[in-house]
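Visitor: Could you walk me through how the ligands sit in this model? I would like to take them one at a time.
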Amino acid sequence: MQLVRGLHNVRPSAQGCVATIGNFDGVHLGHQQILQSLAVRAKQLSLPSCVIIFEPQPLEYFKPEQAPVRLTRLRDKLELFQQLGVDWVLCVAFNRKFQQLSAQEFVRQVLVKALNVKHLQVGDDFRFGCDRSGDFAFLQATGAECGFSVEPTTTVMQAQQRISSTLIRQALAEADLPLAERLLGRPFSISGRVMHGQKLGRTLHAPTANVQLKRYLAPMQGVFVVQAHLADGRSVAAVANIGTRPTVEQSGRAYLEVHLLDFAEDLYGQRMTVVFHQKLRDEEKFTSLYALQAAIAEDIRLARLYWQQYAMKHRL
Ligand SMILES: Cc1cc2nc3c(=O)[nH]c(=O)nc-3n(C[C@H](O)[C@H](O)[C@H](O)COP(=O)(O)O)c2cc1C
Ligand SMILES: Nc1ncnc2c1ncn2[C@@H]1O[C@H](COP(=O)(O)OP(=O)(O)OP(=O)(O)O)[C@@H](O)[C@H]1O
């Protein structure tokens with residue numbers, strides 16, 4: 001899979017493709033259905049497949065204060081696209097110029113001129129363009145004029161609700177991890193590189209791997225039983241805190257800190273994927289480091305218990 005940033009960088013080998021457009025935040029089961037149909041069409045037509053995404057996402061550009069936190073960081077999104085057989089990702093910079101494009105101009109500049117799209121796969125309720133005027137009917141009519149076919153993918157539902165990024169954010173905010181997993185088609189996870197922390201964890205008898213979040217704001221907070229997937233393929237039972245660590249810091253910066261159970265290796269600089277299994281409690285501001293240390297000890301005890309029961313249930 002190849003990533004192209006900007007319309008002017010599209011290479012001839014990506015042209016004449018089958019394409020889809022959207023944010024794909026979460027790459028949930030609804031998104032996966034579109035991407036699977038895209039792969040099938042690409043194979044049938046012997047054409048490359050292309051996903052068109054925007055950075056920033058349109059709402060993050062229009063109303064940053066109202067834009068929801070993301071479920072997937074760009075790198076994870078790209079990895080999921082690759083697993084689903086996408087050949088090209090065109091990442092379009094969503095800026096002032098782009099924002100003003102009418103649906104007609106969007107089709108002309110992006111789909112026809114830059115990509116020469118032969119087939120478009122979209123959700124049946126997909127809308128785009130500066131006034132959201134580009135809907136499925138519009139795409140079909142314009143496609144007929146410009147030489148590309150358009151196919152709708154039916155909405156994927158779960159318990160009578162359309163699977164959506166919003167629904168998954170709600171599930172995570174309520175710590176309903178099983179529901180988030182049913183909507184995503186995989187357990188919720190966050191990946192990042194392990195950075196050096198303040199080394200306070202050792203004093204608290206719980207050394208932690210600090211997963212770098214940069215500007216990423218997680219859709220949930222608190223202490224969780226997790227599994228840490230390491231770069232070498234190992235999975236290690238762990239417990240993690242995602243939050244601002246109010247007991248030791250007032251900056252408001254978010255951290256993801258993972259204490260791996262019975263593990264004493266150097267992880268600095270490695271990429272780690274943290275898979276969330278169960279919430280244990282909310283993050284708290286303790287009155288002393290001693291109280292924090294006691295709380296973390298209890299978290300570790302509960303995490304061990306969880307993994308013991310997990311091993312019994314799954315006959316590991
Ligand atoms: C299981 C676990 C639970 C935690 N719970 C809290 C908490 O409730 N409140 C808090 O302020 N910090 C909490 N922390 C974060 C610790 O304050 C932090 O890991 C510690 O200061 C070590 O920081 P360092 O990695 O920079 O050395 C928790 C960390 C872990 C691993
Ligand atoms: N549950 C679903 N079933 C089928 N298609 C979906 C579903 N959810 C989103 N899609 C389609 O996936 C593509 C990408 O959607 P995009 O992520 O941009 O926004 P969306 O429709 O608002 O999704 P969400 O609300 O999940 O963020 C669109 O074609 C959209 O119609």
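Guide: Before we start, one term is needed: a polar contact here is a pair of N or O atoms within 3.5 Å. Please also keep in mind that this is a predicted model.

Visitor: Fine. With that cut-off, how far is the side chain of Thr247 from an oxygen atom of ligand 1?
Guide: An N or O atom in the side chain of Thr247 is 2.7 Å from an oxygen atom of ligand 1, and because a polar contact asks for such a pair within 3.5 Å, this pair counts as one. The side chain of Thr208 also has an N or O atom at 2.8 Å from an oxygen atom of ligand 1, and for Arg245 a polar side-chain atom lies 2.9 Å from a ligand 1 oxygen.

Visitor: And how much of ligand 1 does the protein cover?
Guide: On its own ligand 1 has 630 Å² of accessible area, and the protein covers 99% of that.

Visitor: Which residues are closest to ligand 1?
Guide: The ligand is surrounded by 23 residues, the closest being Gln198, Leu200, Thr247, Glu257 and Glu284. By type, the shell around ligand 1 splits into nine nonpolar, seven polar and seven charged residues.

Visitor: Which elements supply at least two residues of that ligand 1 shell?
Guide: Those are α9 (200-203), β12 (235-243) and α10 (289-313), with α10 giving the largest share, three residues.

Visitor: Switching to ligand 2, which residues come nearest there?
Guide: Ligand 2 has 19 residues around it, and Asn23, His28, Val156, Arg162 and Ser165 come nearest. In this shell the residues divide into seven nonpolar, 10 polar and two charged.

Visitor: What about polar atoms close to ligand 2, starting with His31?
Guide: In His31 a polar side-chain atom lies 2.9 Å from an oxygen atom of ligand 2. The backbone takes part as well: a polar backbone atom of Gly123 is 2.8 Å from a ligand 2 oxygen, while a polar backbone atom of Ile163 is 2.8 Å from a nitrogen atom of ligand 2. Of the 580 Å² of accessible area that ligand 2 has on its own, the protein covers 87%.

Visitor: What kind of space does ligand 2 take?
Guide: Ligand 2 takes up the largest pocket. Two or more residues of the shell around ligand 2 come from each of α1 (29-45) and β5 (119-123), and α1 gives the largest share, three residues.

Note on methods. Residues are numbered from 1 along each chain as its sequence is written. Chains are lettered from A and ligands numbered from 1 in the order in which they are written. This is a predicted model: local features need pLDDT of at least 70, side-chain atom pairs count only at pLDDT 80 or more; totals for chains, interfaces and linings use all residues. Side-chain values use heavy atoms; hydrogens and water are left out. A residue is near a molecule or strand if one of its heavy atoms lies within 4 Å of it. A polar contact is a pair of N or O atoms within 3.5 Å; within protein, one must be able to donate a hydrogen and the other to accept it, and residues adjacent in sequence count only if both atoms are side-chain atoms. Accessible areas come from the Shrake-Rupley method with a 1.4 Å probe; for residues, only the protein chains shown count as cover. Helices (H or I, at least four residues) and strands (E, at least two) are DSSP runs, numbered from the N terminus. Ala, Val, Leu, Ile, Met, Phe, Trp, Tyr, Cys and Pro count as nonpolar, Asp, Glu, Lys and Arg as charged, and the others, Gly among them, as polar. On a 1 Å grid over the protein atoms alone, a cavity is a set of points where a 1.4 Å probe fits but cannot get out, and a pocket is an open set with protein on both sides within 12 Å along at least five of seven lines; lining residues have an atom within 4 Å of a point. A molecule sits in a cavity or pocket if more than half of its atoms lie within 2 Å of its grid points.
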